[in-house]
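User: I have a model open here and would like to talk it through with you. Can we go piece by piece?

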Amino acid sequence: MRSYRLIAPAKINLYLEIIADRPDGYHELAMILQSIELADQIDLHSLSGDNIIIHCDHPQVPADQSNLAYRAAELMARQFPAALGKYGGVEITIQKHIPVAAGLAGGSTDAAAVLVGMDLLWDLGLTQSELQELAATLGSDVPFCIVGGTAIATSRGEQLSPLPNLDPLYIVLAKYRSLEVSTAWAYKTYRQQFGSTYLQDTHSLADRANAVHSGAMVKAIVSQDPTAIAQQLHNDLERVVLPAHPQVSQLRELLATQPGVLGAMMSGSGPTVLAIVPSPQQAAAVKLQIQQLIRDQDLELFITQTTVQGIHLASTTHYPSG
Ligand code: C5P
């Protein structure tokens with residue numbers, strides 16, 4: 001018998017453009033996604049019987065079907081009943097470090113880790129593209145979380161084109177603990193306010209996605225230029241989330257104007273704000289400065305850096321069965 005410990009990195013958006021409505025009720029997007037070292041730790045081992053059990057040290061993370069990681073395990077059990085019969089159910093322990101409902105894909109990356117972990121636990125030998133296909137049925141960000149690194153994501157966010165590995169970019173993340181933003185709310189509100197500007201015909205849709213492929217952010221990434229990357233940060237969802245949450249707007253403003261900060265923006269549907277800084281020393285200085293300027297216990301700050309890794313194995317433990 002074996003058990004697996006996996007590392008599940010969070011993601012930030014360097015770019016998020018909302019292009020159009022889709023017939024399935026989602027939005028057509030053009031995004032640039034980036035993995036960061038801030039990560040959850042997921043342990044998986046087999047259980048006798050066919051139960052799925054989830055433990056998590058975070059009080060806001062449920063242990064039932066409302067947890068995407070649970071749904072990932074259910075999906076594997078449905079897809080591979082013979083493996084469920086042979087190896088039994090699974091016990092999943094999530095050690096949460098990524099803030100919840102924060103725009104950092106915390107739930108998506110835990111689900112991605114469950115898919116990768118169960119593939120190992122059940123000796124399935126699934127390919128990356130098979131795993132990504134399963135991942136796409138769980139959520140738009142889950143396929144990216146599996147592979148990680150830097151990628152253009154189009155369609156619902158599940159169509160990925162890898163970009164060259166980025167040299168480490170140093171990042172300060174800031175989030176009010178008590179503030180959560182629902183992704184569904186952010187997109188729905190955006191549609192209500194800006195739906196009339198959405199593209200209608202499929203040709204211009206493809207043109208818009210292609211424009212991102214040959215656009216300034218991709219050039220900045222390819223030329224490994226942190227200043228240019230910071231200047232090209234863009235997130236359409238800021239247009240609805242920032243007016244609804246003025247304290248996030250102020251936090252963004254404050255971060256953007258700190259000495260050494262190359263650029264600041266909200267990640268995904270927020271409310272986490274990210275700032276790009278040139279060095280770990282500057283990241284520490286910015287964190288300290290923000291803590292002194294906003295004296296609020298509710299504000300949490302993280303120093304992290306970009307990573308080229310998606311879900312990866314930390315350790316495998318072999319133990320006697322029975
Ligand atoms: O795919 P995921 O479950 O992460 O998406 C959460 C919600 O965000 C969806 O239910 C949908 O309302 C919205 N969304 C969207 N268009 C996308 C991705 C997400 O409208 N491309």
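User: Is Cys56 buried, partly exposed or exposed?

Analyst: Bearing in mind that this is a predicted model, Cys56 counts as partly exposed, at 23% relative accessibility.

User: And how many disulfides are there?

Analyst: The count comes to zero disulfides. The closest cysteine sulfur to that of Cys56 belongs to Cys145 and lies 16 Å away, which is too far for a bond. Cys145, likewise, is in no disulfide, and with a relative accessible area of 4% it is buried.

User: OK, switching to β1. Which strands does β1 pair with, and how many bridges join it to β12?

Analyst: Strand β1, residues 2–21, is joined to β12 (residues 312–318) by six bridges, and the two run antiparallel; within that pairing, Leu6 has Leu313 as its bridge partner. β1 also pairs with β2, residues 27–47, again in the antiparallel sense, over 16 bridges, with Ala20 standing opposite Glu28. With β8 (residues 234–235) the pairing is parallel and rests on two bridges, where Tyr15 is partnered by His234.

User: What sits between β1 and β2?

Analyst: Five residues separate them in a hairpin, and Gly25 in the turn has a positive phi of about 90 degrees.

User: How many residues of β1 are buried?

Analyst: The strand is mostly covered, with 16 of its 20 residues buried.

User: Now the sheet with β9 in it. What is the strand order?

Analyst: It is an open sheet of four strands in the order β9-β10-β7-β11, with antiparallel pairing. The edge strands, each pairing on one side only, are β9 (263–266) and β11 (299–305). On average, and with direction ignored, neighbouring strands of this sheet are turned by 20 degrees against each other.

User: How many bridges hold β9 to β10?

Analyst: Four bridges link β9 to β10 (residues 273–277) in the antiparallel sense, and Met265 stands opposite Leu274 of β10.

User: Which helix lies across β7, β10 and β11?

Analyst: That is α12, residues 280–293, which lies across β7 (170–176), β10 and β11 and runs at about 175 degrees to β11.

User: Let's move to α4. Which of its residues are buried?

Analyst: In α4, residues 128–138, the buried residues are Leu131, Gln132, Leu134, Ala135, Ala136 and Leu138. They pack against α1, α3 (106–121), α5 (142–147) and β6 (159–162).

User: What is Leu138 in contact with, beyond its neighbours within four places in sequence?

Analyst: Once those neighbours are set aside, Leu138 is in contact with Leu68, Arg71, Ala72, Leu75, Ala111 and Leu115. Leu138 is also among the members of the largest nonpolar core, which has 39 residues, that touch the most other members, together with Leu44, Val90, Ile92, Leu115, Met118 and Trp122. A second, separate core has 38 residues, including Leu242, Met266, Ile294 and Leu299.

User: One last thing: where is Gln60?

Analyst: Gln60 belongs to the loop between β3 (52–56) and α1 (68–79), and with a relative accessible area of 44% it is partly exposed. Although Gln60 and Val100 are 40 residues apart along the chain, their C-alpha atoms are separated by 7.6 Å.

Technical notes. Residues are numbered from 1 along each chain as its sequence is written. This is a predicted model: local features need pLDDT of at least 70, side-chain atom pairs count only at pLDDT 80 or more; totals for chains, interfaces and linings use all residues. Side-chain values use heavy atoms; hydrogens and water are left out. Buried means under 20% relative accessible area, exposed over 50%, partly exposed in between (1.4 Å probe, protein chains only). Two strands pair if DSSP finds at least two bridges between them. Axes are lines fitted to C-alpha atoms, for helices over the stretch in contact, and angles run from 0 to 180 degrees between N-to-C directions. Contact means heavy atoms within 4.5 Å. A nonpolar core is a set of buried Ala, Val, Leu, Ile, Met, Phe, Trp, Tyr and Cys residues joined through side-chain atoms within 4.5 Å. A disulfide is a pair of cysteine sulfur atoms within 2.5 Å.
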